[in-house]
Amino acid sequence: MKNMNPFWRGMLALLVFSLAGYGVGLGLDVLVDGKVNFSGPVPGVFALFFGFTAFFLGVFGYRGITRGLVWQVVGTLIGGLFVALIRLVMGLPAFGDFFFTEPSWVFGGLTGVLSFIVGVGVVDDWIKWARGLDTPEHHEEHYSDWRKYFGVSVDHKVIGVQYTVTALLLIAVGGLFALIFRTELAASKLQFLTDQTQLFGQNGPQLFNTLMSLHGMIMIVSILLGISGIINYVVPLLLGAQDMAFPRLNAFSYWIAVPAAVLLLSSLFLGGFDTGWTGYPPLSARAPVGMQMFFLGVFVAGWSSVLSALNVLVTVVRMRSVGMTAMKMPIFVWASVATSLIALTATQFIGLSFQLVMFQRLFGMGFFDAAKGGNPILFQHLFWFYSHPAVYVFVLPGLGVISELLPVFVRKPLFGYRWVAMSSLGIALVGFLVWAHHMFTSGMNEYLRVPFMYSTLLVAVPTGVKFFSWVATIWKGRISTPTPMLFALGAIVVFLLGGLTGPPNATVSTDLHLHDTYFIVGHFHDTIFGGFVFPFFAALYYWFPKATGRRMNETLGKIHFWLMTPSFLFLTLGMMYVGLIGMRRRIVDYDPALLIDGWHLALTVSAFLIAISVLVFFYNFFYSIKNGEKAEGNLWHSRSPEWQVPSPMPVHNYDRPFEVVGEPYDYGLNDAGYVKFIESAGGKHG
Amino acid sequence: MGHFGIVGILVILMTVLTYFGLDAAGLAKQMHPVAASAQAASIDQLWHWEMMVISFLFSLIVVPMVYSLAVFRQKKGELKDGEHIEGNTQLEITWTVIPLFTVIAFAYFGAYSLGEVRRVDPDAFVVNVQARQFSWTFEYPEYGVVSTELHLPVGRQVVLKMESADVIHSFWVPEFRVKQDVVPGRVTEYRITPTKEGSYKVRCAELCGVSHAYMENKVIVDSQAQYEAWVAEQVKLAAEAQTPEGQGKLLATKNACVGCHSADGTAMTGPTWFNLYGSQVSLADGSTVTADEAFLTESIRDPNASIVATFASPSVMPPYPQLTDEEIANIIAYIKTLK
């Protein structure tokens, strides 16, 4: 065992312990229920927790993430049993359909998260400070190889990679869920998710609803982690900072997202939920226990978002290099500021709205229960007050990546830098004023519809400025198209389609037809792929050499692009078409009389083609870490500071500070650099 | 001709091509599917303008991008810088101000179009709509008629006063183009003037639970004469329904029992009522019971008390505490007639 490759050791542990966990769950289920149920939810939960934890135990030993997960399991059980005990004393049933009762699961979920945080060791330094002890500024890592990513580190580059890889894993999980329900939709009638299907205590249609809802929220969390990954890795480098302003808070922001992801996934095993990611009551007030795990998971993931936004803002304000005035910051920094402003101020509202439903379920508080004088539509206002600006949280960093990469690959300054920078803030501001356009058919006061139509259409103005500025940047450039540039260009086209299909949803009367149909599904997948997924891939191909000293394979990168882009365009345009015909959102089955079976089959095929292209990317990504072509210099001939030093980036970033002496994107002027390193007595290389 | 001239011509060409491409797919001048209401006309008109502008904007961005990629490409192995152009304030102001006025214009047209859609006809008649998991019922207060099919006369405006018994639903007939949520605790209004005779479906557009996909009822737009004949027949049926069986049938429709339980043996979300009374029913737990008064009453009061084999567990059927003992007896009397 000792000499085994740690990865395979982890896989072996995963297999053995999942089976053991399944057995334990089965045993507990029999104890409580008195009958054997192989497809029941309890064995699933235990197999998930045990297997997941054991994998990290095999890879990493009992420290870092392994200890966090073990503590989370134990903490959940202790919290759950505590509530069960109280219920027993009060004469209430102590155990329920899913082993614990709902209050037990909620309280246990919360104590599990707190236990994880203590167990993983991310609050160790704060505890020591509270006890009056000193801690070193930099901690020695237990491992110096790839396994360092499994433990707590306060290095923004390590945290950036942790965020990014976690985001990629969640994209894989969310994508897998999409493939499952997309396959069911390939033909009308129910094929494999039928009424007779039983898995995790859910029948086929219920499982469809759970997977569809989790697809939405897991992708959203993965996007939030993905943008944090890029921002964490890149922003301090662009600023010339050694780290983020609050390195320990930064580590905390990442690690709190891990138990949140576990909670989200656990909802699949606890009866699931059938509300979609929006969780509208009264339906969400009636859904199984899984609903609560979903609410709690999102609530905790929100902390990650809020705290990391705070960190980014302070870092940008306080830690820029000498001479880097606001209008000389790299444009991606502006995008990060705009997105962080939204995340810092709006995330509370989704947490609040979900918390209110949790309390409605737990304590019978009738916030959204019409029978108790509550108002179901109030929830939608609270929910969308975050969840609309949230889409700008997702896309602004992506648009920043496009603006950052274009000048490098067209060898020309970014056209209208100030306008592009201010348009990010403009989008962030207007984004706060448009939430009720999700509610044009909701039954809210009718007079609200027209003002929200005006404000929504206003978003087109700053977004238009970005498009026109990009085209003007490309115009008369000397364009080359390696993989990162291909993805940046693909992002522009896909985001354009997302943008142009927006106004028909914004004008109320056309939206009365389009709302809650596949037209919307196609529209927002275009905005999210164009605004996040394509730029995310562009950023990964572009900054991969900076992190590893090697580049990803160009041929595989181009296969990835040329397979994914046409498949994706077909998928979303096809979705819009069937939506117009009468295909509603979030349905497990559709009327064969609509005559869209053929379309759906083609859409499913294109979804699988996208999945294959992403698999090519995954292979390329993990293969190139060790075996990619060496790329230690300024591979893309960029003017940006991080490319003026060798790759991979040294542990403490720049060994000499730099000052800003020019404009960031002055390509075409040979004499002027953007930054100049300040020579000091101990300076090594020039 | 300079680069600008060529691109200008290409943009116009591409705009025309995109527009006619959309038109060829039947998407430029109207939305899908076929329009069947007066309200659809002004909605489709707005859509048409939007498609024209979208064709233009799509071309305006994509054409210069693709042109640049083709013409200003870096040759292999070359690493030259492009022209040093930092920006142009007048241009930026232009492409801020023109879109600003365009979107304001569209918001104005949108508001105007919404006004047309919501235009009130004083002669409109009322149908009360009851939505529940997972079906619709329609009550015609003028005639005392209750139906699971919505019949409407062509050319006359109807106001649907909609209520939900449980969660949020949404009333959508794609051919009518208009959608309105149905929210517990309030009455929402849906106003439509059918213009085209035919058989359509109302499809619930707001996720409402496990059988949401099947929450579809027939909507039939009749000629005035057909409509009057249908109403007369329904009134006659209602008059006949003074017997317990008749009352039971009415209750089964009104409470949407028939949305899930067929009267003729057709497989639906719930067990059929055909030949149900007195039969031996296999339950999910392996036991068998006789479908007598006691069993049927219990199943209506508490659908989870016993689950029939092969049906969803836990039951998707809501309990019906609002039904009186007499009403349940009437429903069972109706079930007895289904042989």
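Predicted model: local features only at pLDDT ≥ 70, side-chain atom pairs only at ≥ 80, totals over all residues.

Trainee: What makes the pair Arg118(B) and Glu446(A) a salt bridge?
Mentor: Check the distance: their closest N and O atoms are 2.7 Å apart. The cut-off is 4 Å between a side-chain nitrogen of Lys or Arg and a carboxyl oxygen of Asp or Glu, so the pair counts as a salt bridge. The total between chain B and chain A is 5 salt bridges.

Trainee: Which elements of chain B supply the side that touches chain A?
Mentor: At least two residues each come from α1 (3-24), α2 (38-71), α3 (89-117), β7 (179-182) and β9 (198-203) of chain B. The largest share is from α3(B), with 18 residues.

Trainee: What is that side made of, by class?
Mentor: On chain B you'd find 52 nonpolar, 20 polar and 18 charged residues there.

Trainee: How do you know how many residues are in contact?
Mentor: A residue counts when heavy atoms lie within 4.5 Å of the other chain. By that test, 90 residues of chain B are in contact with 96 residues of chain A.

Trainee: And what is the area buried between chain B and chain A?
Mentor: About 8000 Å², with carbon and sulfur atoms giving 66% of that.

Note on methods:
Residues numbered from 1 in each chain as written. Chains lettered and ligands numbered in written order. Heavy atoms only, no water. Buried area = accessible area lost by both parts, 1.4 Å probe. Helix = DSSP H or I, 4+ residues; strand = E, 2+ residues; numbered from the N terminus. Nonpolar A, V, L, I, M, F, W, Y, C, P; charged D, E, K, R; others polar.
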